[in-house]
Amino acid sequence: MSEKYDVVVIGAGPAGYVASIKAAQLGFKTACVEQWLDEKGKVQLGGTCLNVGCIPSKALLDSSHKYAEARDGLEIHGISVKKPTIDVPLMLARKQTIVDQLTGGIAGLFKHNGVTAISGKGKVLVGAKVEVTNAAGEVMEIEADKIIVAAGSLPVNIPPAPIDNEYIIDSTGALELTDVPGRLGVIGAGVIGLELGSVWRRLGSEVVMLEALDTFLPMMDIQIAKETGKILKKQGLDIRLGARVTKAEVKKGKVEVTYSTAEGEHTESFDKLIVAVGRKPHSEGLFATDSGLTLDERGYIYVNEYCETEAPNVYAVGDVVRGPMLAHKGSEEGVMVVERIAGKQAQMNYDCIPSVIYTHPEIAAVGKTEQELKADGVEYKIGVFPFAASGRALAANDSEGMVKLIAHAETDRILGCHIVGPSAADLVQQVVIAMEFGSSAEDLALTVFSHPALSEAVHEAALAVDGQAIHIANRKKR
Ligand code: FAD
Ligand code: AMP
């Protein structure tokens, strides 16, 4: 017999579980279908983000940062410690405890809010029905007034480097290495490659990153990307640009990688190879051909600005639709959709989504880059403040990087903020809030910031936009 719900969500990642909780909070009878199983065969909530993405990667980034700091960063404070050692299995166990705590927390929130978790693979059928196939192969049909598809994304595999989960691994495998590889190759110097490369570099691996593009972090502001490249190079990340991997073969316990550059063909031998060449929407087998859903040319479920698909009463959110593949983007889309289902006039501000790379220092951005504004012919002014002039950053011995604020040349409205530096993720958020309120650089400049704090660098960058910074020599007014 088929059960009827007001809202059925497919996928329990940050897009789907947030949409489910929000829907239940607004009084809708809600079910969330999830195919991920834990080791005991029970439904596992949290999706990529909680299980094999944002959270476990940050756990390892924090552990490895503490290790590297104990090894290299304490002497300057007058602290001497015995050479630290790293127990990798213990580090992994800590990571898993955090993952279990958070995924269990989602299960608790589902229970508390009355969301029904249904274990199985969901497929959208015509007429707002969802077919669910469980692990035993049993099929049932659920009826829904509204369906929200939040099936997420999967790592991209490239034919030259097929994943064998032993020597050639993807991001999930890179979170599970039980020993520190002597030599580690990483294909792709994007967000995930840089984070995972950093973890193992800090723990002692010699890390070579092979990136096909000639430009480092092309989506970032050019000045910030340049500064980041210098900082990461100093940390020992060997980032080779214009290096396209064409072959990876396992031979006698090593991975032999062939890559081509403008100079010709090269080979390198690694103990492990991480393939981090991006992610693709998880849209295969997700809907019946007559369901009305369509894919765009890149395989994302086609949606409009309100995340409505081409099928009536079916929405799609998160990594499975266009836009940046970020957990918070999917969550906010989920909330927007549910609020609209409830009759509210909710909408997303896609121009104001922050993104962060959690290297050390962190790299964070919101809004337009300088190169984008140039290309669009927009007149702008810039304020830059280096952390080397921040008292708080110096006190913490963490003074690499800068804050760069960009404002419209005439209106002074903030158009973007780009940071490489300590706590960049938290600092950029201050500008995200300002931008959401349509703030000008002067509004930020007139705000009182506590002293001494890293956020003073944001204040000074805002002052610098009009040549008014106090703690650096101002560049000539633009
Ligand atoms: P997902 O989290 O992928 O969840 C989709 C869920 O749907 C999965 O649980 C899947 O099993 C389920 N599913 C799929 N198809 C079906 C089906 N047919 N039936 C039932 N269930 C189905 N983002 C950030 O914002 N910050 C970070 O720091 C960050 N770090 C990352 C680090 C790594 C190593 C990786 C891999 C990703 C990282 N991301 C980060 C990206 C982030 O994880 C994703 O953007 C986010 O998880 C997308 O959320 P989602 O809900 O759309 O999809
Ligand atoms: P991101 O999408 O941010 O995770 O970045 C993935 C990166 O992998 C991109 O910068 C791609 O240019 C890079 N990439 C894709 N295929 C290859 C390849 N065969 N060799 C080297 N780099 C690659």
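What volume does the largest cavity have? The largest cavity has a volume of about 40 Å³, where a cavity is a set of points on a 1 Å grid over the protein atoms alone at which a 1.4 Å probe fits but cannot get out. The volume is the space filled by probe spheres set on the points, with grid points joined across faces, edges and corners. The search of the whole structure finds one cavity of 30 Å³ or more. Its lining, meaning residues with an atom within 4 Å of a point, consists of Pro-155, Ser-171, Ile-192, Val-275, Ala-276, Gly-278 and Arg-279. By class, four of these residues are nonpolar, two polar and one charged; Ala, Val, Leu, Ile, Met, Phe, Trp, Tyr, Cys and Pro count as nonpolar, Asp, Glu, Lys and Arg as charged, and the others, Gly among them, as polar.

The model is predicted, with local features requiring pLDDT of at least 70 and side-chain atom pairs pLDDT 80 or more, whereas totals for chains, interfaces and linings use all residues. Residues are numbered from 1 along each chain as its sequence is written, chains are lettered from A and ligands numbered from 1 in the order in which they are written, and side-chain values use heavy atoms, with hydrogens and water left out.

The protein contains 13 helices and 22 strands, taken as DSSP runs numbered from the N terminus (helices H or I, at least four residues; strands E, at least two). For 478 residues a compact globule would have a radius of gyration near 23 Å, and the 24 Å of the protein agrees with this; the radius is taken over C-alpha atoms, and the globule rule is 2.2 Å times the number of residues to the power 0.38. Along the principal axes, the C-alpha atoms fill a box of roughly 70 × 60 × 45 Å.

Polar contacts are pairs of N or O atoms within 3.5 Å. An N or O atom in the side chain of Glu-34 is 2.6 Å from an oxygen atom of ligand 1. Taken alone, ligand 1 exposes 1000 Å², and the protein buries 95% of that (Shrake-Rupley method, 1.4 Å probe).

The side chain of Glu-211 places an N or O atom 2.7 Å from an oxygen atom of ligand 2. A nitrogen atom of ligand 2 is 3.0 Å from a polar backbone atom of Ala-212, and a backbone N or O atom of Val-245 lies 3.0 Å from a nitrogen atom of ligand 2. Of the 510 Å² that ligand 2 exposes when taken alone, the protein buries 77%.

Terms used
A polar contact is a pair of N or O atoms within 3.5 Å; within protein, one must be able to donate a hydrogen and the other to accept it, and residues adjacent in sequence count only if both atoms are side-chain atoms. On a 1 Å grid over the protein atoms alone, a cavity is a set of points where a 1.4 Å probe fits but cannot get out, and a pocket is an open set with protein on both sides within 12 Å along at least five of seven lines; lining residues have an atom within 4 Å of a point.
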